[in-house]
Amino acid sequence: MYEYDEECLKVFLKKQGQLFDEPVAENPEEAEAFLEDCMAVVVDSLREVREYFEENGSDISDMTDDQLEDASEVFAMPSGRYLIVEG
């Protein structure tokens, strides 16, 4: 099981509307439980975001880095890491 740090939880709570029509979590505890349930992943770079999607069979070959970073499943964090949440 992956542990989601405070930065991950704050970013997800703030930006969850980019992926879901209605909030799925109201506080850090709910956010952590939701991220665990959907097996969200934290990676260190956009290159690792691309590798994650390619390894999981997504056809992203035509996507630029900007388009990939803007994907609804990708949450950029202030530290430069990325949270990937597949709803």
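Trainee: What should I know before I start?
Mentor: This is a predicted model, where local features need pLDDT of at least 70, side-chain atom pairs count only at pLDDT 80 or more, and totals for chains, interfaces and linings use all residues. Residues are numbered from 1 along each chain as its sequence is written, and side-chain values use heavy atoms, with hydrogens and water left out.

Trainee: How many salt bridges does the structure hold?
Mentor: There are 5. A salt bridge here is a side-chain nitrogen of Lys or Arg within 4 Å of a carboxyl oxygen of Asp or Glu.

Trainee: Which residue does D5 meet in a salt bridge?
Mentor: R81, at 2.8 Å from N to O. D5 sits in the segment before α1 (6–15) and R81 in the loop between β2 (74–76) and β3 (82–84), so the pair ties together parts 76 residues apart in sequence. Helices (H or I, at least four residues) and strands (E, at least two) are DSSP runs, numbered from the N terminus.

Trainee: Buried or exposed, what is R81?
Mentor: R81 is buried, at 15% relative accessible area. D5 is partly exposed, at 32%. The cut-offs: buried is under 20% relative accessible area, exposed is over 50%, and partly exposed is in between (1.4 Å probe, protein chains only).

Trainee: What else does R81 touch?
Mentor: Leaving out residues up to four places away in sequence, R81 touches D5, E7, C8, V42, V43, D44, F75 and A76. Contact means heavy atoms within 4.5 Å. One of those residues, E7, joins D5 and R81 in a network of salt bridges.

Trainee: Which residue pairs with K10?
Mentor: E6, with the closest N and O atoms 2.9 Å apart. Both lie in helix α1, 4 residues apart, about one turn of the helix. K10 and E6 are both exposed.

Trainee: Why does a spacing of three or four places matter in a helix?
Mentor: An α-helix has 3.6 residues a turn, so residues three or four places apart point the same way.

Trainee: And where do D65 and R50 lie?
Mentor: D65 is in helix α4 (residues 65–69) and R50 in helix α3 (residues 46–55), so their pair ties together parts 15 residues apart in sequence. The side chains meet in a salt bridge, 2.9 Å from N to O. D65 counts as partly exposed at 43% relative accessibility. R50 counts as buried at 18%.

Trainee: Switching to cysteines. How many disulfides does the structure hold?
Mentor: 0. A disulfide needs a pair of cysteine sulfur atoms within 2.5 Å. For C8, the nearest cysteine sulfur is that of C38, 12 Å away. C8 is buried, with a relative accessible area of 0%.

Trainee: Now the inside. How many residues has the largest nonpolar core?
Mentor: 16. Y4, F12, L35, A40, L83 and V85 have the most contacts inside that core. A nonpolar core is a set of buried Ala, Val, Leu, Ile, Met, Phe, Trp, Tyr and Cys residues joined through side-chain atoms within 4.5 Å.

Trainee: Which elements give two or more residues to this core?
Mentor: α1 and α2 (28–37). The largest share, 4 residues, comes from α1. There is also a second, separate core of 11 residues, which includes L46, F53, L68 and Y82.

Trainee: What does V85 touch?
Mentor: F12, L19, F34, L35, C38, A40, E73 and F75, not counting residues up to four places away in sequence.

Trainee: What happens at the two ends of α2?
Mentor: At the start of α2, a side-chain oxygen of N27 reaches to within 3.1 Å of the backbone nitrogen of E29. After α2 comes M39, whose phi is positive, near 55°.

Trainee: Last topic, rings. How many aromatic pairs are there?
Mentor: 4. Rings of Phe, Tyr and Trp (its six-membered ring) pair if their centres lie within 6.5 Å; planes under 30 degrees apart count as stacked, over 60 as edge-to-face and the rest as tilted. F12 and F34 have ring centres 5.7 Å apart and planes at 15°, so that pair is stacked. F12 lies in helix α1 and F34 in helix α2, so the pair ties together parts 22 residues apart in sequence.

Trainee: Which residues form the aromatic cluster?
Mentor: F12, F20, F34 and F75 form one cluster. F12 is buried, with a relative accessible area of 0%.

How values were computed:
Polar contact = N/O pair within 3.5 Å; in protein donor to acceptor, adjacent residues only side chain to side chain.
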